[in-house]
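User: Please take a close look at one part of this structure and describe it for someone new to it.

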2 protein chains.
Amino acid sequence: MNTITVKLQNHSYPIYVGEQLLQNPELILSHITGHQVLIVTQANVAQHYLSILKHGLSHLQCNEIILSDGEQAKNITEWQNIINVLLQSGHERTTTLIALGGGVVGDVTGFAAACYQRGVNHIQIPTTLIAQVDSAIGGKTAVNHSHGKNMIGAFHQPQCVITDVNVLKTLPNREFISGLAEIIKYGLICDAEFFAWLENNIEKLLSRDISTLLYAVSHSALQKANIVSQDEKEFGIRSLLNFGHTFGHALETACAYQNIFHGEAVALGMAMAAKLSASLSMISLTEYERIIQLLKKSELLKVQIQLPSASEMLTLMMRDKKVRAGKLNLILLNKIGQAIKVQDIVEAQIASAIESIRTDKLLSVREF
Amino acid sequence: MNTITVKLQNHSYPIYVGEQLLQNPELILSHITGHQVLIVTQANVAQHYLSILKHGLSHLQCNEIILSDGEQAKNITEWQNIINVLLQSGHERTTTLIALGGGVVGDVTGFAAACYQRGVNHIQIPTTLIAQVDSAIGGKTAVNHSHGKNMIGAFHQPQCVITDVNVLKTLPNREFISGLAEIIKYGLICDAEFFAWLENNIEKLLSRDISTLLYAVSHSALQKANIVSQDEKEFGIRSLLNFGHTFGHALETACAYQNIFHGEAVALGMAMAAKLSASLSMISLTEYERIIQLLKKSELLKVQIQLPSASEMLTLMMRDKKVRAGKLNLILLNKIGQAIKVQDIVEAQIASAIESIRTDKLLSVREF
């Protein structure tokens with residue numbers, strides 16, 4: 001088991017990455033201080049792992065909530081329902097919420113923990129690849145609003161993150177592939193060596209070879225922990241993690257969060273950001289081709305949706321949380337392994353990069 | 001103008017206490033960094049002060065929301081409405097929310113600021129006595145739930161607090177008197193000299209003499225700022241501020257937040273806590289009499305409600321946020337000017353103190 005520490009001024013916490021961690025209740029019990037827990041999960045995860053988790057907690061008051069399926073569950077109503085159950089079941093300020101699931105479960109549960117009695121403890125047990133390498137780490141919690149993703153939320157750090165790579169075996173293929181986008185992102189924004197490793201190991205990763213997964217997940221979690229430790233509230237370097245995300249969020253909003261997975265949207269967004277970086281001569285054409293090839297090999301550029309037009313994308317991107325005084329800040333690449341924030345890019349150039357990816361023949365329609 | 005500083009590890013901010021501060025837009029403008037503001041207020045305050053405040057902000061995008069009246073406005077629906085307006089009006093992460101009103105406005109607005117895009121700036125302009133000396137200071141934000149007061153909320157500190165004592169002139173008498181409870185509380189929990197000053201100046205305070213008000217409000221704000229500066233998240237000394245509040249919250253819940261003002265409930269709660277302190281021989285009977293006399297002179301012990309029974313009160317008190325492992329922690333007095341936290345008090349003794357105040361002939365029904 002690898003232990004990675006998120007080091008913050010007021011609250012540091014461990015990320016445990018290993019095999020069969022769910023079967024080891026001592027790990028989670030060492031981070032529970034009260035006599036009450038509430039497990040929040042979704043049906044597809046619950047069927048595999050809920051009883052294993054509950055087995056180790058049988059001496060505590062243990063309540064559970066099964067959220068509705070998919071990204072749709074990341075809303076104010078489900079969040080309020082968690083708070084209602086906590087109150088109805090008499091949970092005190094010493095309670096611990098446990099998020100057992102992917103990013104949706106982690107974000108809603110974390111936001112409920114942030115607000116219940118002005119903040120209670122929570123533990124993240126991410127069960128999707130994307131949650132293991134990204135969303136479960138760093139304390140960003142939120143629900144969506146019809147006007148935009150993650151518009152209502154809080155920074156609220158967990159007590160620990162328990163990352164069992166064995167649970168990835170039961171993950172549907174499309175969800176697994178979606179998670180690869182954030183792994184590739186770490187290579188692109190801050191680690192050229194890791195990017196090269198991914199180029200060499202993508203097939204083993206796709207086959208879910210356990211030791212390859214352990215390395216990729218641990219290394220990604222380490223990158224995320226390092227960045228969050230430097231800049232918890234995203235005043236500086238943490239914003240580099242948004243590489244591909246401003247484009248990606250616009251894609252997701254255009255699709256009303258349906259028919260596209262977050263990682264797929266981010267992968268298309270990273271392709272657009274890479275194209276824009278190349279057209280601004282920030283990266284070479286060779287680098288651009290390497291990026292597109294890795295995304296393609298990862299099967300991330302196969303989408304089943306009609307992509308929105310460049311002008312529709314731009315309108316949505318202007319609503320992004322990162323817009324300041326009507327100006328779009330974008331994260332682009334200086335080279336593979338180095339991202340920077342760029343301001344004042346001409347809109348026509350952004351539109352041209354979007355259009356180029358949108359109409360590229362490499363995008364193929366895929367059957368799920 | 002007095003400037004008091006709340007000194008926190010990551011964010012210190014000023015409380016300005018003075019006269020005619022609303023007429024000085026430079027003060028508020030020096031704490032607004034973006035180009036957008038949203039003023040949240042209630043109708044009774046808006047009629048007197050909204051146009052004065054807006055006058056100084058005319059060069060900014062300025063939206064406004066009038067909440068429904070009274071404590072009922074402190075709910076999830078009003079909170080969500082603030083967030084809807086922010087999104088519909090295109091407010092960016094640099095926006096500033098301005099709470100112009102009493103504790104209800106301050107708490108709902110602060111909680112909306114805490115959650116909008118994971119946290120934006122806000123400024124408190126308290127217009128009731130209770131907000132000026134207590135709720136606008138210290139970053140506790142929340143809305144109520146049918147299962148209890150302040151059950152959903154966050155710690156989120158303002159950029160500054162602008163306290164104009166002139167606005168107290170338009171405050172209805174019952175609301176003004178309610179605010180005196182928190183002022184008396186500071187004397188009781190940490191400042192015997194201030195308690196004696198209050199005994200000597202209660203008539204001038206009740207007549208709203210401006211220089212007396214300036215001293216009482218500034219001194220109370222200073223006490224609150226000092227305590228919050230030592231213990232922002234209430235792990236220790238800040239809990240002393242809850243003196244009278246565990247009883248008081250139970251009274252408010254029993255009345256469904258109707259027909260009793262917060263300060264009235266706190267005053268009755270302080271009388272009960274003082275009675276309990278006396279019956280445990282922690283304070284003398286003379287001290288107990290001084291406390292009851294000051295509360296009585298302040299017209300705080302005139303209530304128009306039928307007080308709930310001791311057993312009903314105890315049931316509600318056990319639901320308090322401060323309950324740990326089913327045990328009630330109460331703040332009691334060692335002497336006038338010194339509060340301490342006490343655990344494991346026999347329930348019958350708590351019930352007897354409640355019953356004693358409940359049936360005391362000094363409680364008189366009052367006409368409003």
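How many of the 18 residues of helix 10 of chain B are buried?

Analyst: This is a predicted model, in which local features need pLDDT of at least 70, side-chain atom pairs count only at pLDDT 80 or more, and totals for chains, interfaces and linings use all residues. Residues are numbered from 1 along each chain as its sequence is written, chains are lettered from A in the order in which they are written, and side-chain values use heavy atoms, without hydrogens and water.

In helix 10 of chain B, 16 of the 18 residues are buried, so the helix is mostly covered (buried means under 20% relative accessible area, with a 1.4 Å probe and protein chains only). Helices here are DSSP runs of H or I with at least four residues, numbered from the N terminus. Helix 10 of chain B spans residues 262-279. From first C-alpha to last, helix 10 of chain B reaches 25 Å, close to the expected 26 Å; the expected span is 1.5 Å times one less than the number of residues. Just after helix 10 of chain B comes B:S281, with a positive phi of about 60°.

As for the whole chain, chain B is superposed on chain A by a rotation of 180° with 0.0 Å of shift along its axis, at an RMSD of 0.0 Å (least squares on the C-alpha atoms of residues with pLDDT of at least 70 in both copies). That is the relation of a two-fold axis. Both copies use the same surface, as 100% of the contact residues of chain B recur in chain A; contact means heavy atoms within 4.5 Å.

Note on methods:
Helix = DSSP H or I, 4+ residues; strand = E, 2+ residues; numbered from the N terminus. Buried < 20%, exposed > 50% of the residue type's maximum accessible area, 1.4 Å probe, protein only.
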